[in-house]
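Here are a few notes to read alongside the structure. Keep the view open and find each element as it comes up.

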2 protein chains.
Amino acid sequence: MTHEPPSHEMHASRWGDPASAGPLPDATRDLVELAFGIRESPAAVDVTVPVPSLSPGQLEELRVLLGPDHVLTGDEERRLRTRGKSTPDLLRARAGDVADAPDAVVRPGSHAEVEALLALAVRHHLAVVPFGGGTSVTGGLAPRREGFAGVLSIDLVRMKALREVDTVSMTAVLEPGLRGPEAEALLAEEGLLLGHYPQSFEYASIGGFAATRSSGQSSAGYGRFDAMVVGLTLATPQGTLELGSSPANAAGPDLRQLVLGSEGAFGIITAVRVRVRRLPAQKVYEAWQFGSFSEGADAMRHLAQNALMPTVLRLSDETETALNLASQSDVGGGTTGGCLMIVGHEGPDVAGRRALVSAALEGLGGTPLGEERGDAWVAGRFHAPYLRDSLLDVGVLAETLETATFWADRERLYTAVKDALTAELGDRTIVLCHISHVYETGCSLYFTVATPQAEDPLEQWRAAKARASQAMIDAGATITHHHAVGTDHREWFAQEIGPVGVSILRAVKAELDPTGVLNPGVMIP
Amino acid sequence: MTHEPPSHEMHASRWGDPASAGPLPDATRDLVELAFGIRESPAAVDVTVPVPSLSPGQLEELRVLLGPDHVLTGDEERRLRTRGKSTPDLLRARAGDVADAPDAVVRPGSHAEVEALLALAVRHHLAVVPFGGGTSVTGGLAPRREGFAGVLSIDLVRMKALREVDTVSMTAVLEPGLRGPEAEALLAEEGLLLGHYPQSFEYASIGGFAATRSSGQSSAGYGRFDAMVVGLTLATPQGTLELGSSPANAAGPDLRQLVLGSEGAFGIITAVRVRVRRLPAQKVYEAWQFGSFSEGADAMRHLAQNALMPTVLRLSDETETALNLASQSDVGGGTTGGCLMIVGHEGPDVAGRRALVSAALEGLGGTPLGEERGDAWVAGRFHAPYLRDSLLDVGVLAETLETATFWADRERLYTAVKDALTAELGDRTIVLCHISHVYETGCSLYFTVATPQAEDPLEQWRAAKARASQAMIDAGATITHHHAVGTDHREWFAQEIGPVGVSILRAVKAELDPTGVLNPGVMIP
């Protein structure tokens with residue numbers, strides 16, 4: 001399976017390419033009508049973005065630096081780089097609120113141009129926000145504007161090279177503007193793959209994966225993105241940071257792990273050296289059924305703690321299973337009962353591992369359901385955000401949130417977050433959950449929420465999200481397993497790492513970005 | 001196999017318990033005589049340590065804080081916490097140079113007492129150096145004294161609890177003063193193990209493992225110490241940093257990886273939550289022979305890149321194999337020729353994995369040599385430092401240094417370091433090397449050097465170490481894979497992470513330790 005890169009940018013107020021979305025499946029529509037009632041939303045309001053605040057002199061400097069083709073100030077170009085793709089972002093875009101539009105979109109073609117851009121931004125006190133795929137769901141693309149002369153969106157679209165391949169060390173150097181499918185297509189020409197498939201894969205970029213410490217749907221087999229990175233280059237206003245002398249070492253703190261997850265607040269990542277693997281000759285995805293979420297989670301834990309990890313491992317709770325959300329093409333359609341687990345094996349020869357994993361799962365109460373449902377999951381694995389647009393169209397507020405904890409706290413966290421959401425949003429709310437990332441010591445919990453849209457859906461979601469977020473922190477869990485901090489999670493992130501942790505991040509920020517132009521207000525509390 | 005904790009502290013000028021050392025094996029002595037000539041060293045000079053510079057008032061404050069039993073100012077107690085166990089450290093100790101002795105040894109019993117001690121140190125401008133096993137070989141226990149009112153050695157010997165065990169999440173909370181065998185003995189009572197066996201295992205401590213980003217002889221199977229840590233507590237002069245909300249997350253940079261490797265310069269680690277495993281029911285160690293170091297290294301690379309990692313994987317080069325250094329009890333004795341590989345399997349049932357690994361090794365040109373040599377390696381795995389003392393006794397300068405790189409650069413790095421050492425130390429120098437840590441993308445290289453001691457062995461080694469260190473950096477490799485930075489590696493560490501990397505570390509240090517009392521001069525360039 002190769003992934004064709006999407007042909008154009010994402011829609012300004014919807015996910016991806018609306019032509020790929022298709023109408024709401026009949027079964028889903030029926031279900032929505034039954035649960036919430038259908039209220040067709042008004043068409044999105046189309047408004048003109050604010051007049052850019054950059055002076056003619058500043059624009060001229062940018063044009064001299066990058067060439068006139070790479071300094072864009074048109075309404076559409078700015079609208080398309082306004083905020084990300086969280087449900088609040090979409091609601092604001094639909095309502096015609098483009099107050100966060102950047103003043104200009106600039107497209108550097110090299111590390112040197114990024115450095116020069118940062119120097120220019122410091123000189124003119126312009127806030128800069130790096131732009132890869134524009135898929136943030138936590139406000140990572142909406143920096144603080146107050147106090148700055150303007151906001152520049154640094155679109156890394158021209159930095160798309162596979163710069164180096166080393167098939168002895170099995171590493172590759174990728175530029176940050178490569179989107180997921182583009183990176184995989186270039187690597188596939190060399191018989192290699194990265195194996196990083198977050199749900200945003202079709203649009204999200206290598207730089208974004210690194211900056212947000214992303215995790216993919218095949219993380220059980222290929223690892224989180226932060227585990228793939230062995231080196232990186234960061235352009236900062238204070239100079240370039242080049243890291244990656246070795247796979248691992250004892251040479252002080254691992255500064256790579258300080259750059260990973262820095263969300264543009266410490267600098268702009270201009271290259272990433274990643275560990276790569278051989279393209280798998282075989283891929284098998286299958287479904288399993290477990291009696292309950294707890295039983296299925298215990299089975300996952302057994303696999304993780306006994307070195308039996310498949311490539312993909314995902315478990316839906318009873319509600320998500322009943323709604324058949326794992327098969328995006330048939331949500332609300334036929335279901336299996338119990339809890340659905342998706343198990344995927346990729347490799348040169350998967351038979352041996354598959355036999356071991358299958359034997360373990362059967363021993364733990366699992367019933368094999370065959371490959372058809374596994375293949376259905378693969379076919380729809382990047383489709384969920386389109387469904388959200390369709391739900392918003394019919395008056396349903398839909399959004400996701402996620403966390404992670406240690407195994408012993410899994411059930412408590414699950415209940416706490418569900419309770420927080422339904423307490424805030426009311427009884428007609430549907431909360432689904434799945435586990436999609438598994439470690440020896442714990443797992444992620446990914447929640448999908450759907451509820452009838454209130455008068456003020458932004459405030460409705462803000463309150464629900466705040467309550468669920470506080471429940472995560474109160475349970476000792478993380479505020480985000482793979483969506484990053486952005487602006488939306490800062491308040492709880494501060495609680496998670498405490499005042500000393502916050503002071504460390506602020507000190508690093510002050511050192512690398514003394515005038516504070518780098519994605520101000522993002523990540524650092 | 002359980003490991004009995006050593007009954008007392010290490011000797012002041014030799015490794016470990018000299019009673020465990022035994023005389024130089026005959027074969028080794030013959031070899032030394034042949035290669036270098038035997039020159040019995042003078043007995044170590046015994047001198048009185050300098051008069052402590054602490055005032056009576058300061059000592060009284062310390063006694064009030066910790067109780068009089070836990071403020072030690074005796075000569076012997078201070079001598080035993082002077083520097084670490086590098087060859088230069090031993091040479092200075094043998095020569096009676098105890099100028100780096102701390103002014104007092106203090107023994108806090110809790111996190112709160114550590115915090116209070118740090119406050120006191122700031123108040124009186126006393127430098128503090130955390131002390132666990134005293135096994136540093138990079139000068140990590142010799143902070144800068146100039147500009148401070150005195151130096152306190154904070155011995156964590158009273159903080160030895162296994163504070164918490166969670167057999168669902170498979171984590172345990174360990175206190176920093178636990179030495180390797182003590183931690184394993186406590187975990188073994190619960191049927192668990194950590195699996196971290198650096199050569200210093202018998203003396204080194206949990207806090208030291210974390211502070212130096214340590215790696216063990218079974219890292220192929222159990223991972224580096226930094227990969228085992230899921231949470232930690234750091235006492236700093238600015239308050240406590242508590243990290244570890246989840247196995248992994250996207251909540252900003254991973255600050256755990258900033259504390260790991262911080263070598264006492266950012267604070268004192270007072271607790272570590274580690275991932276643990278079930279005690280293995282089976283353990284098999286065997287030896288393999290390869291025609292050359294390159295052939296053996298390629299075989300290791302194949303295992304690492306094909307998910308075939310055993311628990312222990314170690315390869316000696318031709319010279320180390322010829323000297324039979326992998327078997328400490330018979331160095332210089334019978335050898336196998338070619339290059340010796342040690343392969344260890346530990347687990348509930350090792351047969352399946354062993355068969356796969358063995359088939360792969362045979363396919364790559366390996367010849368199985370059976371378990372006897374594997375067991376001999378296990379029996380002697382912690383013994384090498386004793387051999388060094390015996391060599392120093394007969395006028396041979398012996399020391400180790402280590403690095404890591406990506407597979408494609410392995411051979412170039414190997415040659416560069418060997419050439420640097422022999423160029424500086426002369427033709428009679430013997431340089432041995434082994435690979436003991438293997439990753440998908442690269443490996444470590446561990447060198448042992450032996451040469452006839454010159455008039456000024458400290459200067460002799462300084463020059464050789466400097467030349468070899470520069471060769472590592474010039475080859476793009478790390479200055480240390482598992483010995484940490486200490487004071488000895490700072491100059492090259494600065495080159496490795498560059499000026500922006502250094503500025504980040506200094507900024508974090510300034511934030512957490514504004515008066516600079518934490519292990520001054522250690523780690524941060």
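1. Start with a term. Two strands count as paired if DSSP finds at least two bridges between them. Keep in mind that this is a predicted model. In chain B, β3(B) and strand β4 (residues 150–155) are joined by six bridges, and the two strands run parallel. One bridge to locate is that of Pro130(B), whose partner in β4(B) is Ile154(B).

2. Now widen the view to the sheet. It is open and has four strands, in the order β1-β2-β4-β3 (chain B). The pairing is mixed. Why is one side of β1 and of β3 in chain B left without a neighbour in the sheet? Both β1 (71–72) and β3 (126–131) stand at the edges with a single partner strand each, so one side of each has no neighbour there. In general, strands of a sheet pair through backbone hydrogen bonds, parallel or antiparallel.

3. A helix belongs in this picture too. Helix α5 (residues 111–124) of chain B packs on the sheet. It touches β2 (104–106), β3 and β4 of chain B. The direction of α5 makes about 150° with that of β3(B).

4. Next, the interface. How many residues does each chain bring to the contact? Chain A gives 73 residues, and chain B gives 73 residues. Between them the chains bury about 5,200 Å², 68% of it on carbon and sulfur atoms. Ala250(A), Pro253(A) and Phe406(A) supply 12% of the area that chain A buries against chain B, more than any other three residues.

5. Look at the polar side of this interface. The rule finds 23 residue pairs in polar contact across it, both residues at pLDDT 80 or more. Which element gives the largest share of the side of chain A that touches chain B? That is α18(A), with twelve residues. By class, this side of chain A has 33 nonpolar, 27 polar and 13 charged residues.

6. Side chains of opposite charge can pair when their charged atoms come close. Four salt bridges are found across the interface of chain A and chain B. In a salt bridge, the side chains of Arg275(A) and Glu440(B) meet at 3.5 Å, N to O. Over all chains, the structure holds 62 salt bridges.

7. One pair lies within chain A. Arg213(A) and Asp226(A) meet through their side chains in a salt bridge of 2.8 Å, N to O. This pair links distant parts of the chain, 13 residues apart. Arg213(A) sits in the loop between α7 (206–211) and α8 (219–222) of chain A, while Asp226(A) is in helix α9 (residues 225–228) of chain A.

Definitions and conventions: Residues are numbered from 1 along each chain as its sequence is written. Chains are lettered from A and ligands numbered from 1 in the order in which they are written. This is a predicted model: local features need pLDDT of at least 70, side-chain atom pairs count only at pLDDT 80 or more; totals for chains, interfaces and linings use all residues. Side-chain values use heavy atoms; hydrogens and water are left out. Contact means heavy atoms within 4.5 Å. Axes are lines fitted to C-alpha atoms, for helices over the stretch in contact, and angles run from 0 to 180 degrees between N-to-C directions. Buried area is the accessible area (1.4 Å probe) that two parts lose on being put together, summed over both. A polar contact is a pair of N or O atoms within 3.5 Å; within protein, one must be able to donate a hydrogen and the other to accept it, and residues adjacent in sequence count only if both atoms are side-chain atoms. Ala, Val, Leu, Ile, Met, Phe, Trp, Tyr, Cys and Pro count as nonpolar, Asp, Glu, Lys and Arg as charged, and the others, Gly among them, as polar.
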